[in-house]
Amino acid sequence: MDNHVALTACIAEAQPLRYTPAGLPAIDLRLEHGSRQMDAGQARDVKLAIKAMAFGTLAERLARQNLGSCFRFQGFLAMSRNGKSVVLHIQDIQQD
């Protein structure tokens, strides 16, 4: 089964870099996206905010970015630890 997301978004919030019990760097983010998409032949303005997280060297790299920095994020979706929301697990970023 496929679970792959590619989203151009900006970093709206970033928690301080933390470390997992295994010592792996981790960061929690909130990303914001805005675009115009075609839906059933009609142009539609789309805005969204999504929780995201990254681990390892990618987390360290994201911790150094300024709020408002925009990237093309790639990863997969999973439930949050509390099971009440969806989180984008970031696996790669490219400068937008």
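Author: Helices (H or I, at least four residues) and strands (E, at least two) are DSSP runs, numbered from the N terminus. This is a predicted model, in which local features need pLDDT of at least 70, side-chain atom pairs count only at pLDDT 80 or more, and totals for chains, interfaces and linings use all residues. Residues are numbered from 1 along each chain as its sequence is written, and side-chain values use heavy atoms, with hydrogens and water left out.

Reader: Which residues of H1 are buried, and why do they line one face of the helix?

Author: An α-helix has 3.6 residues a turn, so residues three or four places apart point the same way. Buried means under 20% relative accessible area, exposed over 50%, and partly exposed in between (1.4 Å probe, protein chains only). In H1, Gly56, Leu58, Ala59 and Leu62 are buried. Viewed down the axis of H1, the buried residues fall within an arc of 135° (taken from the directions from the helix axis to the C-beta atoms), so they line one face.

Reader: Where does Gly68 lie, and what is Gly68 in contact with beyond its neighbours within four places in sequence?

Author: Contact means heavy atoms within 4.5 Å. Gly68 belongs to the loop between helix H1 (56-63) and strand E5 (70-79); apart from those neighbours, Gly68 contacts Cys10 and Ile11. Its relative accessibility is 45%, so Gly68 counts as partly exposed.
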